[in-house]
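Work through these exercises with the sequence and the model at hand. Try each task before you read its solution.

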Amino acid sequence: MSIELRNVSKKFGGVAAVNNVNFSVKEGELVALLGPSGGGKTTVLRMISGLEMPTGGDIFIRGERMNDISVQKRNIGFVFQSYALFKNMTVFKNIAFGLKIKKWKKTDIHDRVHELLHLLGLDGLDKRYPHQLSGGQRQRVAIARALASKPSVLLLDEPFGAVDAKIRQELRDWLVTLHTDLNVTTLFVTHDQEEAMEVSNRIVIFSKGNLEQIGTPREVYEEPANEFVARFIGVLNVLELTVQGGVARYGELEFPALDRSDGSKMRIGFRPFAVQISPDTSAYRCRAMLRHTFFLGVMLRLELELPSGLTIRSRMTKEEYSALGLKEGQEVSFIIKRYRILRGESEPLSPEIHSGDTAFSTFGAGI
Amino acid sequence: MAGYVKNTSRPSRDASSKSQRGTEESPVIKWLLISIALTFTLVFLLLPLVNVFAQAFSKGWAGYLKALSDPDTMSAIKLTLLVAAISVPLNVVFGLAAAWCIAKFNFRGKPLLITLIDLPFSVSPVVAGLMFVVMFGLQGYLGPWLDVRDIQIIFAVPGIVLATVFITFPFVARELIPVMQATGSDQEEAALSLGASGWKTFWYVTLPSVKWGLLYGVILCNARAMGEFGAVSIVSGHITGQTDTMPLRVEKLYQEYNAAAAFAVASLLALLALVTLGIKTILEWKQEREYELAQLAVPEPDTFVPTSTK
């Protein structure tokens with residue numbers, strides 16, 4: 001294990017920022033700490049680095065307990081969100097800083113810095129000052145500086161937060177390539193689920209200081225541990241149903257009530273892909289108006305307005321869309337093929353329930 | 001933001017354009033205001049300054065040099081330099097420490113500390129001087145205890161230093177707090193994460209990033225340390241040749257109807273003021289330029305992102 005956290009907590013003057021977090025990262029992994037702002041992910045990163053001390057629990061790096069070891073001695077590379085380059089030093093001096101502190105030989109420093117400059121595509125910029133660099137270049141200098149003394153882990157706080165959209169995408173690809181080449185254990189903090197999905201081997205999801213789930217991008221998308229994760233990763237449509245006569249209803253939509261008493265409420269969630277649409281208004285039992293169609297390249301996002309006024313989202317490919325001959329403003333019918341019962345933000349989700357694919361039988365089959 | 005605020009008070013470049021903006025006054029009012037300001041500056045600032053030098057040289061170069069080479073005057077000059085040499089470094093250390101803890105940490109009573117730092121600005125120097133007399137004078141709280149041990153503070157050099165340190169305390173801290181707050185602590189944290197000790201972080205990262213602000217504070221602090229009259233006057237005891245500083249010497253010479261000599265010493269203080277203003281302007285300009293450069297993040301756009309090579 002490269003990094004291991006056991007029951008780690010952090011309180012800031014009585015307010016819990018991180019609650020009993022447990023997870024471990026294998027050597028060479030690229031892991032995203034994902035969550036909404038204030039979720040505690042940056043605090044976790046800072047505790048691993050030693051810039052923040054946990055108020056409870058233990059942190060191990062390569063099997064060694066780190067709690068009493070100062071940030072200077074942990075041999076970590078930390079890349080700050082603001083990059084935090086030394087503005088009074090040139091690019092060369094920035095990258096060489098840690099090596100000079102560690103008393104490397106002058107020639108070794110020179111070689112190492114130029115190796116990194118080359119690796120990060122910063123050749124020829126060694127004499128520049130940070131204010132003479134573009135945002136992307138600054139970030140690469142910050143990464144080079146963090147990597148200089150060959151840290152056991154690389155920690156990045158919101159690495160792509162401060163650059164514009166196009167460069168963001170390039171930087172993501174590049175981080176993956178860099179990680180593949182260097183194979184250094186890397187943790188990065190992000191609030192962008194797409195970024196986490198795309199870049200990392202595994203994702204650790206935080207909310208309000210709690211670890212909600214840890215898993216591969218596929219696992220957290222397909223098997224979210226709870227409603228929070230399901231809502232945070234990807235799009236989740238949510239319906240609140242009322243049980244009447246043994247059936248849970250939302251307008252014309254009907255679902256098995258699973259022994260719930262009449263008048264009780266029940267919430268279900270489903271992904272856009274689980275919504276199947278037909279231009280034939282009698283194909284399925286439920287009707288809706290196709291309000292908007294958004295073209296997102298290959299995929300389309302459709303917004304259906306239910307008779308109650310509620311909007312649900314669906315997705316399909318461009319080909320499916322033209323095959324069905326759909327138009328905005330058109331009356332359609334639809335079915336929800338797969339859904340889960342929601343029991344509250346951090347309660348575990350029910351397994352996915354498959355509704356029958358045939359018309360008029362939205363319940364009964366395949367529970 | 002002491003150094004930077006001045007940016008905004010500059011007239012904007014297109015103010016010279018012919019068309020009159022809605023917020024602009026009519027030319028008559030404009031010229032009236034300008035001439036009032038100019039006259040005021042001329043009569044109350046420039047003329048007296050010129051007069052100081054005119055009076056100082058009223059007996060020619062020889063008279064000027066003779067007035068300055070008077071042993072008592074020389075002793076006053078030496079004492080002033082000594083007091084500045086002690087109190088300025090002390091306040092650099094105090095100022096750095098105070099600004100550091102205010103800018104980088106959050107703690108209870110921080111607003112109180114900031115107010116306390118400003119205290120010397122809001123208290124009349126005479127009151128400040130009296131405070132020290134009450135503390136250390138023979139009739140004061142610590143006076144008898146000190147007297148037994150033969151330590152003299154009031155009416156001696158230590159008292160003058162104490163009073164000067166008190167009066168000039170805010171200058172360095174006041175200059176550094178906004179600069180340090182603007183820089184934040186990211187760079188220090190980066191240095192720590194790269195293995196630098198606290199001291200090395202301070203030396204290589206913190207100090208260089210506040211150097212202009214610090215110099216500016218030192219210059220102002222020095223000017224005040226050499227020019228302080230009120231507080232020093234109370235604690236010094238005016239012993240000619242022993243506890244007279246330059247401002248006190250000026251007063252004494254003037255009261256002895258030795259106007260030319262008084263003005264000769266005064267001209268030195270005025271010169272110090274002019275040099276201070278000059279350095280201050282250069283420093284402000286440097287600081288502003290550095291700040292503008294930092295803001296001016298328009299280098300070449302990112303045209304490439306490297307594919308890492310191995």
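**Exercise 1. In the open sheet of 4 strands of chain A, what is the strand order, and is the pairing parallel or antiparallel?**

Start with the ground rules. This is a predicted model, in which local features need pLDDT of at least 70, side-chain atom pairs count only at pLDDT 80 or more, and totals for chains, interfaces and linings use all residues. Residues are numbered from 1 along each chain as its sequence is written, while chains are lettered from A and ligands numbered from 1 in the order in which they are written.

Step 1. Know the terms. Helices (H or I, at least four residues) and strands (E, at least two) are DSSP runs, numbered from the N terminus. Two strands pair if DSSP finds at least two bridges between them.

Step 2. Read the order. It is 2-1-4-5, with antiparallel pairing.

Step 3. Find the edges. Strand 2 (15-25) and strand 5 (64-65) of chain A each have a single partner strand, so one side of each is left without a neighbour in the sheet.

Step 4. Check one pair. Strand 1 (residues 3-12) and strand 4 (residues 56-61) of chain A are antiparallel, with 5 bridges. Here Leu5(A) stands opposite Ile59(A).

**Exercise 2. Describe the open sheet of 6 strands in chain A.**

Step 1. Write down the order: 6-7-8-3-9-10, with mixed pairing.

Step 2. Look at the edges. Strand 6 (76-79) and strand 10 (210-215) of chain A have a single partner strand each, so each has one side without a neighbour in the sheet.

Step 3. Find a parallel pair. Strand 3 (residues 30-34) and strand 8 (residues 185-190) of chain A run parallel, joined by 5 bridges. Ala32(A) has Phe188(A) as its bridge partner.

**Exercise 3. Trace strands 16, 17 and 18 of chain A through their two hairpins.**

Step 1. Take strand 16 (residues 286-296) and strand 17 (residues 299-305) of chain A. They pair antiparallel over 7 bridges. Thr293(A) faces Leu302(A) across this pair.

Step 2. Inspect the turn. This hairpin has 2 residues between the strands, and Gly297(A) takes a positive phi near 80°.

Step 3. Move on to strand 18 (residues 311-317) of chain A. Strand 17 of chain A pairs with strand 18 in the antiparallel sense over 7 bridges. Glu305(A) is bridged to Thr311(A).

**Exercise 4. Is Arg285(A) buried, partly exposed or exposed?**

Step 1. Arg285(A) lies in the loop between strand 15 (275-278) and strand 16 of chain A.

Step 2. Set the cut-offs. Buried takes 20 or more other C-beta atoms within 10 Å of a residue's own, exposed 12 or fewer, and partly exposed lies in between, with C-beta atoms placed from the backbone.

Step 3. Apply them. Arg285(A) has 15 other C-beta atoms within 10 Å, so the residue is partly exposed.

Step 4. Widen the view. Of the 367 residues of chain A, 42% count as buried.
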